[in-house]
Amino acid sequence: MADTGSITLKKLRQCHGNVTLPGSKSIANRALLMAALCGAGQSTVLTNVLRSDDTQRMLEALGDLGVTVTIAEHDPTHITVSGCEGKWPQHPAALDLGNAGTAMRPLLAVLSATLQGNRCILTGDARMQERPIAALIESLRAGGAHIDCLQQEGYPPLEISGGLTSGMIEIDGTESSQYISALLMALPLLETDSVLKLTGTVVSWPYIELTLSMLERFGIVVHQICRQEFMIPGQQVYQSPGVYWVEGDASAASYWLAAGALGGGPLTVHGVGRHSIQGDVKFADYLAQMGAQVTIEEHSITVKKGVLRALDADLNAIPDAAMTFATLALFAQGTTHIRNIANWRIKETDRLQAMAAELRKVGAHVVETEEAISITPPAHLQHGIIDTYNDHRMAMSFALLGFSEVGVTILDPNCCRKTYPNFFTEFCQITQSS
Ligand SMILES: O=C(O)C1=C[C@@H](OP(=O)(O)O)[C@@H](O)[C@H](O)C1
Ligand SMILES: C=C(OP(=O)(O)O)C(=O)O
């Protein structure tokens with residue numbers, strides 16, 4: 001460890017033991033919102049809720065809207081939310097959603113369906129103001145929503161006041177599945193039935209399945225007519241499942257599984273497994289395909305070392321965990337090709353550009369195209385001082401370089417607070433105590 005602005009990891013040899021994953025960001029933010037939308041008088045007890053910047057933004061937004069949210073004193077991951085059926089007890093002038101896509105997109109759609117003339121500004125940090133949301137705005141406007149872009153058309157900050165009434169909606173799915181998930185959460189609240197048509201080749205599909213599966217748990221009916229068309233009955237009220245356990249974060253699991261594969265294992269992550277509703281659990285299958293020994297149990301995944309061969313795969317379905325393969329590529333034999341990941345460019349940073357630049361610093365030969373990246377490891381890795389671009393996944397992916405002889409220095413490791421505030425503390429503990 002160095003000063004607070006960076007961390008140096010070097011010559012890690014082993015990584016074995018057990019890791020309890022924090023709750024999934026994607027599930028936690030959906031569950032918090034769905035619990036708030038439940039019928040008045042219905043409480044939902046959420047357990048294993050991720051506590052990080054992204055979930056804090058959702059928690060604060062719900063609090064500002066007047067939702068009663070109670071955090072258990074004995075365990076801050078244990079949160080009770082009282083439903084208010086979208087009839088918000090308070091009307092805040094503005095909600096600051098940081099850089100949480102899983103707060104900005106669903107809240108834009110749900111508030112467009114429920115604000116009833118009350119004005120609210122949805123804003124975020126500097127990067128959120130550069131992340132496009134035009135496709136969702138256009139669809140919501142076509143359904144009657146009043147949305148003004150306060151700075152640049154198609155980007156937050158947005159002033160909204162409700163107005164979404166018609167559910168005959170088309171949405172372009174080529175940029176972000178979050179727009180579709182947002183509409184799927186909002187349309188059941190309308191007076192009328194809706195038909196939602198997805199256009200273009202939809203990205204990050206498993207996140208739509210995650211939304212559908214959670215809607216079902218919260219008593220919402222959605223009819224899937226064909227892959228890209230849904231019929232959603234109106235006037236539905238979310239029903240509390242009582243207690244809802246948030247699965248461990250499958251994207252976060254990828255760093256541990258990769259570390260276990262490099263550091264010998266056996267390393268077991270607890271909190272996700274065979275029946276996970278998160279697409280990123282597929283990371284484990286690709287890791288096995290590379291040569292690691294992987295065992296997937298009901299609620300855990302164990303990895304042991306193998307000789308790693310380069311991966312060549314279309315990872316559109318798992319864009320977040322895919323970043324871990326970009327740094328794992330440095331330890332694999334051959335050239336790794338990660339394909340169909342164009343939307344890396346509109347996430348926390350332009351991840352294609354950032355990944356290429358930082359991999360080159362350690363000596364890799366990198367070819368970056370509009371929608372893919374190819375990585376060939378050098379004969380000898382060089383020490384790099386890695387810029388993280390305020391992107392938690394850049395920081396966590398590059399931790400794997402600690403397994404090289406020369407090591408790595410990662411700048412601003414605290415950017416992990418977006419989804420995994422304790423990541424580096426736990427990483428140092430497990431790799432140094434192994
Ligand atoms: O719906 C979700 O919870 C998410 C969907 C994905 O985004 P895109 O659909 O924009 O690829 C993913 O990258 C993000 O971290 C979380
Ligand atoms: C893309 C991500 O976040 P967001 O939910 O803000 O889109 C991510 O966590 O990798």
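Where is the place of Pro266? Pro266 sits in strand S15, residues 264–270. Strands here are DSSP runs of E with at least two residues, helices are runs of H or I with at least four, and both are numbered from the N terminus. The bond joining Gly265 and Pro266 is a cis peptide, with omega about -5°.

Ground rules next. This is a predicted model, where local features need pLDDT of at least 70 and side-chain atom pairs count only at pLDDT 80 or more, while totals for chains, interfaces and linings use all residues. Residues are numbered from 1 along each chain as its sequence is written, chains are lettered from A and ligands numbered from 1 in the order in which they are written, and side-chain values use heavy atoms, with hydrogens and water left out.

Back to the backbone. Pro156 to Pro157 is a cis peptide bond, with omega near 5°. Pro157 belongs to the loop between strand S8 (147–149) and strand S9 (158–160). Then Lys11. Lys11 is not a glycine, yet its phi is positive, about 45°. Look for Lys11 in the loop between strand S1 (6–9) and strand S2 (15–20).

Now ligand 1. There are 13 residues around ligand 1, and Ser176, Ser177, Ser204, Asp320 and Lys347 come nearest. Near means a heavy atom of the residue within 4 Å of the molecule. For polar contacts, the cut-off is a pair of N or O atoms within 3.5 Å. Asp320 places a polar side-chain atom 2.6 Å from an oxygen atom of ligand 1. Lys347 has a side-chain N or O atom 2.6 Å from an oxygen atom of ligand 1. Of the 390 Å² that ligand 1 exposes when taken alone, the protein buries 95%. Those areas are Shrake-Rupley values with a 1.4 Å probe. Gln178 has a polar side-chain atom 3.4 Å from an oxygen atom of ligand 1.

What is the make-up of the shell around ligand 1? Two residues are nonpolar, seven polar and four charged. Here Ala, Val, Leu, Ile, Met, Phe, Trp, Tyr, Cys and Pro count as nonpolar, Asp, Glu, Lys and Arg as charged, and the others, Gly among them, as polar. Helix H1 (25–36) and helix H5 (177–186) each supply at least two shell residues. H1 gives the most, with three. Why does ligand 1 lie between domain 1 and domain 2? Because domain 1 (6–22 + 248–433) and domain 2 (25–232) both give residues to its shell. The domain bounds come from an automatic or database domain assignment.

On to ligand 2. Around ligand 2 there are 14 residues, with Lys25, Gly101, Arg131, Arg393 and Lys418 coming nearest. The side chain of Lys25 has an N or O atom 2.7 Å from an oxygen atom of ligand 2. For Arg131, the side-chain distance to an oxygen atom of ligand 2 is 2.7 Å, again from an N or O atom. Glu348 has a side-chain N or O atom 2.9 Å from an oxygen atom of ligand 2. On its own, ligand 2 has 290 Å² of accessible area, and the protein covers 99% of it.

The shell of ligand 2 divides into one nonpolar, five polar and eight charged residues. Helix H3 (101–114) and helix H11 (392–398) each supply at least two of the shell residues. Ligand 2 also lies between domain 1 and domain 2, because both give residues to its shell.

Definitions and conventions
A polar contact is a pair of N or O atoms within 3.5 Å; within protein, one must be able to donate a hydrogen and the other to accept it, and residues adjacent in sequence count only if both atoms are side-chain atoms.
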